[in-house]
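Biologist: I would like to go through this one step by step, if I may. Could you show me the sequence and the model?

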Amino acid sequence: MRITQQTIFDGFMKHINDNRAEMHDLQQDIASGKKITKASDDPLKFKRARLLQEQIREKEGYQDRINTARNTLDIAEQSLQEVINGLIEIKSNVTRAVNSTHDSASFTAIKQELESLKEELVASFNAKDVNGYIFGGVGNDTQSYTIDPNSGTVVSNGSNDSLSLEVDKDLSIDVTQDGNFIRTTKYDDDLASNPDSYRSYLSDPVLDGAGDPEESNRELRTSNLAGSLVPGLDAIHFQITLPDGTQETIGVDIQNDTTHEDLVSVLNGNLAPHNLTMSYEDGTYFVTSTTMGESQLVVQGFTDAPGNFGSGNYPAFSQQASGVVDQGVDLFNTIDETIANLENQDIDALSTQIGQFDELISHVTTHITEIGLTNNRLNFLEEKHENSKILLNAELSGWVDTDYAETVSKLQRTEIAFQSAMTIHTKMFNESLINYL
Amino acid sequence: MKTLLEITKSGMDVAQRGLETTSNNIANVNTEGYSRQRLVTKPLFARNGLFFDGLGVRVTDVEQLRDFRINNAIYRKNQELSYLNIKSNNYSQLEASFITNSGNDLDTRVSAFLSTFGDLAANPASLDIRNKVINDAEQMIDTFNNLHNSISDQRKTIAEDVESLVGIINEKLNDIASLNEQIKQFHVNKRSTNGLIDKQTLKVNELSKLLNLDVHRTEEGQVDLSIKGISILSGTKVHELYLSNDSSSDLINVRLTQGGQGVDLDEGELGAYIELFNNELPELESDLNDFTDAIMNQVNNLHTSGVGRIDSTSRSFFELESTNPNKLIINEEILNDVRNIAAEDPNEVNASGNGLIAQQIADLKDIEFLNGYKPIEFAIQFISEPGTKLHAINNNVELRRSELDLLKSQDQQVSGVNMDEELSKMIQYQQAYQGAAKIMQSAQLMYQSLMSILD
């Protein structure tokens with residue numbers, strides 16, 4: 001093989017350039033602390049790193065929201081603590097009224113005291129965070145509770161819904177408080193413990209003499225409601241007793257192609273004004289009330305006009321009604337009643353109300369405990385996000401950060417190669433026949 | 001006696017020519033494109049009865065040591081390597097504008113924009129967060145616009161480069177044609193074409209970096225050049241290239257000046273530029289437009305179904321600028337009053353002031369609405385595109401460079417000047433000259449001896 005000076009020079013330059021390029025890359029890695037800064041360094045690692053950064057940002061977003069939620073819940077807790085203090089104060093005033101000398105001056109003084117405490121309670125329930133009033137439902141920027149200047153009663157301006165914050169993937173928690181929840185003590189507790197309490201079932205068949213379901217009832221429920229299957233069935237009539245005790249009658253005509261779903265859809269239109277909704281699930285109709293009253297919800301269905309139990313009029317459904325739901329103790333109504341009782345100097349009524357205040361205090365305390373539990377849950381979630389962030393950051397660092405020990409050792413190796421190339425080149429270039437001529 | 005002097009003289013002449021050749025080789029040791037030369041000599045004879053008597057030596061040629069097969073292989077590698085180098089340079093520039101050191105790139109901007117809607121869902125009434133939504137939207141739009149500008153600026157630069165490149169190619173074609181002409185004349189006149197061939201090879205070598213060439217060499221030493229069967233130089237006849245402006249398609253077309261035939265360029269600098277300009281950059285631009293449209297449509301679909309805090313009017317969040325259909329702008333009404341940002345779902349009658357629409361916009365992050373990609377994934381994929389291409393190109397560049405280095409080394413083995421070798425030749429020719437001179441001296445002494453007899 002013929003090796004010319006140019007071949008030696010080209011080889012030398014190639015290796016020197018390669019070495020310099022490698023030293024440049026290593027120096028960049030050391031100076032920036034990152035071995036992957038752009039996609040061309042390593043496309044897969046770069047994309048992976050960016051996705052990790054996005055996941056870290058997501059966790060930080062959740063942490064921010066958890067902080068917002070905690071702030072709101074702290075304000076709620078503080079306000080409810082004030083409410084409890086107010087209720088204790090009211091209770092002790094009522095107790096004093098019951099046990100004191102019963103002169104009208106002291107009743108008036110206590111009444112005035114209660115009126116001022118009622119205003120303080122309204123103020124406590126009008127607590128705000130950055131987003132608005134927290135006891136008024138969702139994002140409300142009008143006061144949750146106001147005192148009607150004419151009647152003196154407390155009016156709720158908020159909604160029943162709470163503002164939910166996403167604090168983890170597919171996990172939201174309610175941070176603002178449903179106004180009614182606080183105001184009416186038992187209403188939602190009962191709903192929570194017994195969701196069927198104001199649902200009426202329309203499934204149980206009426207039995208005939210032989211203990212079998214009545215033929216028309218059986219056919220109606222197992223059919224797809226095609227008129228031809230039930231002789232003479234061209235309408236269903238509902239007689240409903242609403243929770244407030246009023247009665248409503250609703251009739252729906254059935255066509256040849258009417259299905260259960262059609263029936264439910266039409267009936268829902270008629271039921272909506274009464275805060276009732278109907279659903280059909282596997283041969284069972286449900287009617288649910290979204291408002292409460294002291295009467296039980298009763299729904300009866302007939303194949304002819306209600307009350308007309310002549311020939312051919314069969315009960316389409318029997319009904320299984322709920323129990324009566326306790327409406328509970330309304331905080332402001334109770335205070336108003338107490339004020340009225342003080343005005344009337346009704347000692348007996350006042351005595352019975354002491355128990356109601358205990359019930360209210362216990363309810364609010366329970367709610368504070370629930371807020372505390374939510375706060376604990378948020379703390380746990382925040383810690384979980386923090387741990388995830390640490391792991392993600394560690395993984396990210398593994399992908400993109402410079403391993404100094406490895407890089408420095410590589411740099412030393414490259415430096416030695418560079419210096420050797422220089423030395424050998426100088427030596428080789430000096431070796432020539434010229435030296436011997 | 002006379003013959004002896006003639007023979008000696010021819011030996012001295014050849015040694016002198018040999019020294020001249022060696023001297024020329026050493027002088028051109030670093031000249032680019034120079035191929036070493038060697039003296040080709042032949043002994044002279046004369047018939048003398050039944051024998052041939054030696055009559056000295058004669059130079060028959062000064063040959064150039066060159067392997068055209070290696071040259072052709074180098075041309076092909078040049079085309080591939082310069083094609084990759086242009087792609088590498090352009091994608092490096094694009095990557096620098098797509099991925100910044102700060103990390104505030106398209107993925108971060110889109111993520112920030114959508115996340116702020118999540119914050120708005122948590123605080124629908126907050127004017128600060130509403131202002132932040134606008135701020136983040138503007139930053140995201142700026143990033144979209146910067147990316148658009150980077151791609152279109154790159155295309156503009158390429159268009160200018162291509163124009164000057166076509167000029168350079170035509171100039172080189174004419175230079176080679178003129179060298180072809182000179183080589184032809186030298187050949188006819190039996191003069192050495194070595195220097196001209198060196199120049200011609202150098203020019204073809206330069207040209208091979210610019211476009212895909214097929215090189216054919218004639219017996220006389222002329223080169224004919226063609227691109228995929230279409231001749232651009234035949235002997236002294238040049239078919240110049242020109243850029244045909246097709247304003248409707250916004251594409252670069254290279255054609256022959258005579259006849260207007262289109263040429264298919266897919267290698268060399270010009271090939272790389274044309275591929276970038278006609279295909280690869282428009283594809284990037286189209287991906288970016290698809291992304292912009294998808295973000296706009298998804299956000300607008302949700303935003304129009306929600307309501308702001310002043311009225312129940314349905315509003316788009318984004319609009320397209322009337323003068324530039326690829327440029328996003330924020331709805332003027334929203335810019336004028338941030339309360340017009342729709343965070344609330346009006347269908348949730350029991351939850352007035354809710355942030356459900358804002359949450360749905362924030363949740364777009366998890367929806368695969370871009371060919372199976374979630375928006376942030378798509379943004380990362382998009383900004384990585386130049387770098388991913390660059391990574392693959394750089395690997396190829398390394399490979400091609402090694403191949404080219406090997407070919408150059410092979411070329412050096414044949415054509416390169418070796419100083420030690422030339423200096424040895426120098427001593428060889430020097431001694432041959434001195435030997436011939438010594439014989440001449442002896443001949444002179446012999447002649448003088450003969451003359452002294454006569455005295």
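Biologist: To begin with, are α2(A) and α3(A) roughly parallel or antiparallel to each other?
Modeller: Their axes are 9 Å apart and the packing angle is about 170 degrees, so α2(A) and α3(A) are roughly antiparallel. Under 35 degrees counts as roughly parallel, over 145 as roughly antiparallel, 65 to 115 as roughly perpendicular and the rest as oblique. The axes are lines fitted to C-alpha atoms, for helices over the stretch in contact, and the angle between N-to-C directions runs from 0 to 180 degrees.

Biologist: Before we continue, what am I looking at?
Modeller: It is a predicted model, in which local features need pLDDT of at least 70 and side-chain atom pairs count only at pLDDT 80 or more, while totals for chains, interfaces and linings use all residues. Residues are numbered from 1 along each chain as its sequence is written, with chains lettered from A and ligands numbered from 1 in the order in which they are written. Helices (H or I, at least four residues) and strands (E, at least two) are DSSP runs numbered from the N terminus.

Biologist: Back to the helices, then. Which residues of α2(A) meet α3(A)?
Modeller: Among them are V83(A), G86(A), I90(A) and A97(A) of α2(A), while the α3(A) side includes F107(A), I110(A), L114(A) and L117(A). Two residues are in contact if their C-beta atoms, placed from the backbone, lie within 7 Å. Ala, Val, Leu, Ile, Met, Phe, Trp, Tyr, Cys and Pro are taken as nonpolar, Asp, Glu, Lys and Arg as charged, and the others, Gly among them, as polar.

Biologist: And how does α2(A) lie against α9(A)?
Modeller: The axes of α2(A) and α9(A), the latter spanning residues 347-400, come within 8 Å and cross at roughly 165 degrees. These two helices are therefore roughly antiparallel to each other. Their contact holds 32 nonpolar, 14 polar and nine charged residues.

Biologist: What about α1(A) and α10(A), how do they cross?
Modeller: They cross at roughly 160 degrees, and their axes come within 9 Å. That makes α1(A) and α10(A) roughly antiparallel, therefore, by the angle rule. Residues that meet here include F12(A), I16(A), M23(A) and L26(A) from α1(A), with L411(A), F418(A), A421(A) and M428(A) among those from α10(A). By class, twelve residues of this contact are nonpolar, five polar and four charged.

Biologist: Changing topic: how many residues do the two chains use to touch?
Modeller: Chain A brings 39 residues into contact with 40 residues of chain B. On the chain A side, two or more residues come from each of α1 (5-32), α2 (43-99) and β5 (164-168) of chain A. The largest share, ten residues, belongs to α2(A). The chain A side has eleven nonpolar, 16 polar and twelve charged residues.

Biologist: You mentioned β5(A). What does it pair with?
Modeller: Its partner is β6(A), residues 171-174, in the antiparallel sense over four bridges; strands pair if DSSP finds at least two bridges between them. D168(A) has L171(A) as its bridge partner. Two residues lie between the strands of this hairpin, and D170(A) takes a positive phi near 55 degrees there.

Biologist: Which strands form the open sheet in chain B?
Modeller: Four strands make it up, in the order β3-β4-β5-β6, with antiparallel pairing. The edge strands are β3 (214-217) and β6 (237-238) of chain B, each pairing on one side only. Between them, β4(B) and β5(B) are joined by three bridges, and I227(B) stands opposite I230(B). Helix α4(B), residues 127-188, packs on the sheet and touches β4, β5 and β6 of chain B, its direction making about 55 degrees with that of β5(B).

Biologist: Finally, how far apart are the two domains of chain B?
Modeller: Their C-alpha centres lie 65 Å apart. The bounds, from an automatic or database domain assignment, are 2-65 + 419-454 for domain 1 and 71-403 for domain 2. Seven residues of domain 1 of chain B are in contact with six of domain 2 of chain B. The domain 1 side of that contact has two nonpolar residues, four polar and one charged.
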